[in-house]
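I opened this notebook to keep track of what I looked up, one topic at a time. The structure itself comes first, and my entries follow it.

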Amino acid sequence: MTKYILKRVGMSVVTILLLITVVFFLVRLMPGDPFNNGKMTPAIQANMEAYYGFDKPLPVQYVKYLNNLAHGDLGYSMKYTNRTVVDTIKGSFPYSFDLGIRALVFAISFGLVLGIIAALNRGKKLDFICILIAIIGTSVPDFIMGSILQFFFGIKWGLFPVAQYLGFQYTILPSVAIGFYTLASVSRLMRAGMLEVVEQDYIKTAKAKGLSKARITLKHQMRNAIMPVITILGPIVAAVLTGTFVIESLFAIPGMGKYYVESVQMQDYTMILGMTIFYGTFLVVANMVVDIVYGFIDPRVRLAGK
């Protein structure tokens, strides 16, 4: 198991280094110039480029950025006065993380329940209802879902606030909007997994032993059917916990999405680079953790990964 974990950690470190390298050079290749806005004199622009190191060759800039990164320094924003990228992430990520946790709890809990209900009622009315919910969740974009929720539950019926993030009630609609796609994916995977394992020999053996339907479902079917769900948790967790740009803008939530979108619009290279690396690292680490957990749950994965 130690060899398996070290291998996954090593692969993750290499992936993060490749991510940093690719993103660094792609950001530098973006069209436009963050300092050439028509308001700066050539002398001021030259000073700004020297301050941010843009007057050096790209390889020199890259080595310097890696050195700063190793010390936890993602640089200063080019557009927000006296604000570092790290400070921006520290101030905005808690909102995105809190929203993501709520969306995950909603999506995973209801997704598993819907998948189990659909599988246990295959071909019946409940199955079709669960399938319909899953189809809607995977077909309707989150910003459309968010707008629908705002209109009906916020404006028309007045049940929940439609914007800002000032208390529990404010979190319900954006959490549902973000988590609905994940709910649909989890329910579909859980239903498929439940239907797949129901024909396995160990299920037939359990039935032959006279075990109750509830015990067979909980102890045998769910335990094995949930494996595909665990497989997709890595990217899902990373995507949900780091927030959704459009939903955060739609509900006026001061999360990372707001600053990320603004940094792209304003060509704030350091902010784009720092937040992209943060998002990417979060995704890689989440996948690594899921791989390791998966290895503990299913020994066959450890053997196949050697």
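This is a predicted model: local features need pLDDT of at least 70, side-chain atom pairs count only at pLDDT 80 or more; totals for chains, interfaces and linings use all residues.

Residues are numbered from 1 along each chain as its sequence is written, and side-chain values use heavy atoms, with hydrogens and water left out.

**Entry: overall layout**

I looked up the secondary structure, for which helices (H or I, at least four residues) and strands (E, at least two) are DSSP runs numbered from the N terminus. The protein chain has 14 helices and zero strands. Along the principal axes, the C-alpha atoms of the protein chain fill a box of roughly 85 × 55 × 30 Å.

I then turned to contacts, where a contact means heavy atoms within 4.5 Å. Of the contacts in the protein chain between residues at least 6 apart in sequence, 75% join residues at least 24 apart.

For the surface I recorded that accessible areas come from the Shrake-Rupley method with a 1.4 Å probe, and that for residues only the protein chains shown count as cover. The protein chain exposes about 16600 Å², and carbon and sulfur atoms supply 67% of that area.

**Entry: salt bridges**

How many salt bridges does the structure hold? I found three, taking a salt bridge as a side-chain nitrogen of Lys or Arg within 4 Å of a carboxyl oxygen of Asp or Glu. Side chains of opposite charge can pair when their charged atoms come close.

I looked at D127 and R191, whose side chains meet in a salt bridge with N to O at 2.9 Å. This pair links distant parts of the chain, since D127 is in helix α5 (residues 125-139) and R191 in helix α7 (residues 168-197), 64 residues apart. I checked D127 for burial, and D127 counts as buried because its relative accessibility is 2%.

I went on to D98 and R102, which form a salt bridge with their closest N and O atoms 3.0 Å apart. D98 and R102 are four residues apart in helix α4 (residues 85-120), so about one helical turn separates them. D98 is partly exposed at 26% relative accessibility, and R102 is partly exposed with a relative accessible area of 30%.

The side chains of D55 and K56 also meet in a salt bridge, at 3.6 Å from N to O. D55 counts as partly exposed at 45% relative accessibility, and K56 counts as partly exposed at 41%.

**Entry: surface patches**

I wrote down the patch rule: residues with over 30% relative accessible area and no salt bridge, like charges joined within 9 Å, and nonpolar side chains (Val, Leu, Ile, Met, Phe, Trp, Tyr) joined within 5 Å. Lys and Arg count as positive and Asp and Glu as negative, with His and the chain ends not counted, and the place of a charge is NZ of Lys, CZ of Arg, CG of Asp or CD of Glu.

Which residues gather in a patch of positive charge on the surface? I found K124, K204, K207 and K213 there. K204 sits in helix α8 (residues 201-208) and is partly exposed, with a relative accessible area of 45%.

I also found a nonpolar surface patch of about 300 Å², made by F143, I144, I148 and V246. Helix α6 (residues 142-156) gives the most to the nonpolar patch, with three residues. I144 lies in helix α6 and counts as partly exposed at 34% relative accessibility.

**Entry: around helix α12**

Is S263 buried or exposed? S263, in helix α12 (residues 256-265), is buried because its relative accessible area is 0%. Not counting residues up to four places away in sequence, S263 touches D268, M271 and I272.

A252 lies in the loop between α11 (245-250) and α12, and A252 has a positive phi of about 55 degrees although it is not a glycine. Q267 lies in the loop between α12 and α13 (269-297), and phi of Q267 is near 55 degrees, a positive value in a residue other than glycine.

Terms used:
Buried means under 20% relative accessible area, exposed over 50%, partly exposed in between (1.4 Å probe, protein chains only).
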